[in-house]
Amino acid sequence: MLLLITGGECYSADAANGSIFPTVAGWKIAPPPGDSVYTPDNLWDIIDGAAELFLSYGFVDLHIMEYTDTTGTDVRVELYRHASRANAFGIYSQERNPGYNFIEIGTQGYVEEKVLNFLCGMYYVKISSHREGKAGIDGMALIGRRVAEHLGQKAGWPATLTLLPAEKRLPNTESYIAENFLGYRVFHSAFTARYEGGCTLFIMDLESASRARGVAEAYMKAAGRQLELTEGEIADIPDPHNGSLAMLLKGRTISGAFGAGGEALAHRYMELLKVRLPAPE
Amino acid sequence: MDKMDRRNFIKSSVMGASLSLLSSSPLTAIAREAGPAPGAPGKIITRRLGKTGIELPVVSMGVMRADNPALVRAALESGMKHLDTAHGYQKGNNETMLGEVLKEHPRDSFVISTKVPPDAKDAFLANLDLSLKRLQMEYVDILYVHGLTSGDDVLSSSTLEALAAARESGKARHVGVSTHRNEPEVIRAAVRSGVYEVVLTSINFKQDHYREVKKAIAEAAAAGVGIIAMKTMAGAFHDKERTKPVNCKAALKWVLQDANVTTAIPGITTFDQLTENAGVNNDLAMTENHKSSLVPGQSEGGLYCPGCPGCTDRCTRGLPVPDIMRAYMYTYGYGDARLAQDLLAGLRIAGDPCGECAECTVGCPRGFNVPVRVRDIVRLTSVPAEFLG
């Protein structure tokens with residue numbers, strides 16, 4: 001009860017009331033006119049063709065709320081919930097650009113004029129305001145931080161992503177490709193990052209070593225290659241569509257490197273990655 | 001070292017011993033339906049886009065979900081000419097990726113469209129400028145106002161003024177509207193306006209109102225408004241649980257049987273899909289298999305395994321029988337042998353898994369002859385993926 005008395009700053013009380021949105025002192029809260037909740041069946045109605053990408057990242061539902069303060073600053077919050085932290089990171093990374101103005105909010109966020117987006121566990125949060133300038137940005141940041149706290153999501157990046165070496169990694173180029181990685185249906189659930197010299201590293205952590213080998217072999221077949229992959233050894237695969245690929249099968253992981261830097265550079269990065277991979281069970 | 005480029009790979013993968021393996025089998029029919037591979041010779045079927053004068057292959061590329069530049073390059077190599085994106089896809093990253101790829105190609109070698117959301121004239125034009133900057137181009141061939149769902153929106157004076165300004169400035173060669181709801185109303189309003197030159201519309205075999213959409217399309221075509229089709233795959237699955245895939249080639253051909261549709265922009269995210277869709281550019285004919293695969297329920301008759309418990313336990317080899325039966329249904333019900341092959345690859349099943357059993361212990365309650373179906377479908381694992389059109 002004490003918590004309830006503290007009003008807008010009380011996240012626990014909000015959670016007890018079952019609201020996904022926090023109340024915030026000094027701000028009125030109301031759902032937008034019309035629909036305020038969307039599911040995979042009607043996501044098209046609000047984001048048109050972009051819905052297809054969200055659906056491919058395990059979109060679960062979207063909740064929308066609008067906040068207004070006494071000065072008339074408006075803030076609209078859209079909570080896109082996805083089926084996993086990896087999926088939420090994936091859709092966030094699809095829309096992120098390394099050149100954005102990043103801020104500390106949730107796991108990571110960025111702010112632009114009238115827009116503040118961030119990743120928060122299984123949620124991709126999009127915040128917008130019609131108010132220009134500092135007042136709009138401050139309002140979005142305040143509401144955004146309250147939302148992040150209220151959602152109570154575990155902080156940090158997906159565990160598999162942290163296996164990619166930090167050395168010479170280009171900031172904010174990490175991504176997660178849920179399906180059809182490199183244009184192959186057999187490749188899915190790939191974490192990637194770009195590195196100095198034009199190299200891209202990727203890693204897929206699959207359910208088991210057997211599954212990883214099955215996927216790797218299916219890829220080789222799809223790529224028309226008949227090379228034998230030896231556990232723990234980096235192999236050069238001349239991919240017919242994507243150029244040369246340095247690939248490593250280790251335990252339940254498939255990892256690799258490709259890009260403009262050539263095979264030698266790819267191998268150097270793969271050696272950095274190799275030592276970070278968990279030992280086979 | 002294994003050196004094989006994309007073209008040689010595609011040519012060689014349709015050859016070899018796998019052909020004889022498939023003789024006298026239903027699988028042979030599926031293999032024979034495979035269209036020409038990307039880059040393969042063959043006359044590409046083209047149609048004119050209304051009064052714009054643009055001539056396009058009947059199949060184009062919806063770039064929307066593609067984040068792989070190699071896929072776009074392969075699409076252009078296959079003979080596709082038209083690429084469709086939007087200001088909002090991946091918050092602009094889609095346009096940026098396309099710009100990086102297309103700067104390598106002569107400007108007149110492709111036709112690009114983008115879509116900008118409806119807004120006040122200045123904001124709309126500012127967004128167009130941002131799209132052009134991302135695309136590294138001075139103009140787009142087709143500029144759509146994105147996702148309108150009513151005639152009033154189509155005829156809004158601010159929208160019409162913004163489109164006219166974009167065209168007059170030379171930043172858009174042609175202007176249009178995209179719609180995925182209330183399509184007949186939107187199409188007819190576009191025709192009435194006298195401003196729109198192209199309509200990008202949803203149309204597929206699953207739409208309850210597809211006859212009305214086709215009627216509006218015919219009216220637009222008669223008025224010289226070009227029609228481009230989207231959502232042709234109808235969600236890619238017959239069911240909400242995503243267990244019964246649509247035969248995408250059949251669905252695409254179904255839309256393109258209507259000569260009033262100039263081209264379609266199926267979303268392409270794999271090289272398999274590209275091969276399949278590029279094949280339609282040379283061959284629009286619908287087989288009986290194609291037609292029946294688009295009738296819900298008809299394509300799975302006698303093939304659907306409900307996955308009742310016990311099969312795997314009863315199999316002395318512990319085979320995942322329901323999964324293998326699903327692969328069988330994918331192949332013979334939905335004509336998607338590639339999906340079946342992927343499924344089998346993930347299960348790591350190959351060879352003759354029933355070879356050591358004199359008698360099957362599974363005893364399917366539906367009466368499926370399990371060992372016959374297992375033996376038949378497992379042969380797919382030895383067929384090169386590109387052979388499965």
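**View 1. Strand E6 of chain A and how enclosed it is.** In this predicted model, strand E6 (residues 108-112) of chain A is largely enclosed by the rest of the structure, because four of its five residues are buried. A residue is buried if 20 or more other C-beta atoms, placed from the backbone, lie within 10 Å of its own. Strands are DSSP runs of at least two residues and helices (H or I) of at least four, numbered from the N terminus.

View 2. Strands pair if DSSP finds at least two bridges between them. Strand E5 (residues 102-103) of chain A pairs with E6(A) in the antiparallel sense over two bridges, and A:Ile103 has A:Gly109 as its bridge partner. Four residues separate these strands in their hairpin, where A:Gly106 takes a positive phi near 60°. Five bridges join E6(A) to the antiparallel strand E7 (residues 115-120) of chain A, with A:Leu119 as the partner of A:Gln108. Here the hairpin has two residues between the strands, and A:Lys114 in the turn has a positive phi of about 70°.

View 3. You will find A:Tyr184 in the loop between strand E9 (175-179) and strand E10 (188-195) of chain A. A:Tyr184 is buried, with 24 other C-beta atoms within 10 Å. Beyond its neighbours within four places in sequence, its contacts (C-beta atoms, placed from the backbone, within 7 Å) are A:Tyr219, A:Ala222, B:Thr270 and B:Phe271.

**Notes on the model.** Residues are numbered from 1 along each chain as its sequence is written, and chains are lettered from A and ligands numbered from 1 in the order in which they are written. Local features need pLDDT of at least 70 in this predicted model, and side-chain atom pairs count only at pLDDT 80 or more, while totals for chains, interfaces and linings use all residues.

Note on methods
A residue is buried if 20 or more other C-beta atoms lie within 10 Å of its own, exposed if 12 or fewer, and partly exposed in between; C-beta atoms are placed from the backbone. Two residues are in contact if their C-beta atoms, placed from the backbone, lie within 7 Å.
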